[in-house]
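Please study the sequence and the structure shown here. The briefing that follows treats them topic by topic.

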Amino acid sequence: MAFTNPATLQFQQVSYGYGPEEWAVDDINLVVKPGELVVLVGPSGCGKSTLLKLVAGLIYPTRGTLLLDDMNVARKPPEQRQVGWVPQSYALFDHLTVAENIAFGLRMQGQPRQQRQRRTEHLLDLCQIQALARRSVHDLSGGQRQRVAIARALAVQPRVLLLDEPLAALDPQLRVSLRSSLVSLLREAGVTTLFVTHDQTEALAIADRIAVLRAGRVEQYGNPETLWDRPVNEFVARFLSRAEIVEAHYVGGNQVEIVPGLIAPIAPQHLNAHRNAHTVTLALRPTDLQVDSTGVMLVVLASEYTGSSYLVYGQLPNGPRLSFMSSAPVQPGETVPVQVRPEAKVAIISA
Ligand code: ADP
């Protein structure tokens, strides 16, 4: 039995304003292919939840077309869309068991008991929560609650599944370990998914494609590798990879110079497009730089422990800020020699 019935989801010139003054989302054009996992990412207030509400049918676009396959659902009520929604809080029915939560939508649809049971069994299986079937959802862990919420949303064979920060309620360690099993589950279910997060690391880790949003508009839409290697503007580069934006000029071959002694190799895909430009704008990511005794001296402004190494915020004397990764702890005010990694493929920003 198919778990889902995945649709193509298309936003065509979709805008929505809560009031007459401002668009919360503005001229959105996105195509999500059947079974694709698309992550909407961007800072708070950029319009992520508004896009989910538009797909769920909780609000209707002020302008534009919203297609599920070839049907415009822009003005259809939620119950005519077959869209599954997993809210941030999971919103489980606390007085029901796990199995009853999952079967709830099927009961509402009036499905016969046997069919309901079969489908619920399949979903318990898919989400690997068979052992919890008869437990009250009351005393489940965060990760278990998340699985029940997803199983419940998948029960009615949604054509699109909407996940609103599904990992936000979990503690940070659990979040990382649960996200890969969540992605495996979504892949197995084969459902078209819109997944909202404000966490760029999460977006890069799980997405088939990422839409980076800012102030209600899509800044860039593409697969994680493309967004990482070829960010279209400063915002995408800073947001996705914590890049610092610096000016540089060509010194021949595939190399540019940021300041005397700090040379960066350029990603091959950028060379032809920019070979004739005298100066270029670079997105230098912390992982592009390393501590190297032959490098230029940076003054340390601050540093953060990231688990395996330190993310260090530094500044060239009288020059731009640059961040780098260090395996050893460093103190603010210290100077550290830094060089661009020879194997780095630094990105050029065109806009
Ligand atoms: P995100 O989910 O990315 O944090 P939202 O979609 O919630 O962003 O918000 C997009 C914009 O719409 C913001 O400027 C926000 O203030 C505004 N907004 C969201 N919900 C409402 C509402 N119910 N009434 C008025 N404005 C709202």
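In which strand does Thr197 lie? Thr197 belongs to strand 8 (residues 192-197); helices (H or I, at least four residues) and strands (E, at least two) are DSSP runs, numbered from the N terminus. The model is predicted: local features need pLDDT of at least 70, side-chain atom pairs count only at pLDDT 80 or more, and totals for chains, interfaces and linings use all residues. Residues are numbered from 1 along each chain as its sequence is written, and side-chain values use heavy atoms, with hydrogens and water left out.

**Thr197**
- Thr197 counts as buried because its relative accessibility is 1%; buried means under 20% relative accessible area, exposed over 50%, and partly exposed in between (1.4 Å probe, protein chains only).
- The side chains of Thr197 and Glu202 form a polar contact at 3.2 Å. Such a contact is a pair of N or O atoms within 3.5 Å; within protein, one must be able to donate a hydrogen and the other to accept it, and residues adjacent in sequence count only if both atoms are side-chain atoms.
- Neighbours within four places in sequence aside, the residues in contact (heavy atoms within 4.5 Å) with Thr197 include Val39, Val41, Lys48 and Glu165.

**Ligand surroundings**
- A backbone N or O atom of Gly45 is 2.7 Å from a ligand oxygen atom, and a polar backbone atom of Cys46 is 3.2 Å from an oxygen atom of the ligand.
- For Thr50, a polar side-chain atom lies 2.5 Å from an oxygen atom of the ligand.

**Nonpolar cores**
- The largest nonpolar core has 48 residues, of which Val98, Ile102, Ile129 and Val212 touch the most other members. A nonpolar core is a set of buried Ala, Val, Leu, Ile, Met, Phe, Trp, Tyr and Cys residues joined through side-chain atoms within 4.5 Å.
- Helix 4 (residues 142-155) gives the most to this core, namely 7 residues.
- Another core, of 29 residues, lies apart from it and includes Leu9 and Ala211.

- An open sheet consists of 5 strands in the order 13-12-11-14-19, with antiparallel pairing; two strands pair if DSSP finds at least two bridges between them.
- Its edge strands, strand 13 (262-265) and strand 19 (347-349), each pair on one side only.
- Strand 12 (residues 255-259) joins strand 13 in the antiparallel sense over 4 bridges, and Val256 stands opposite Ala264 in strand 13.
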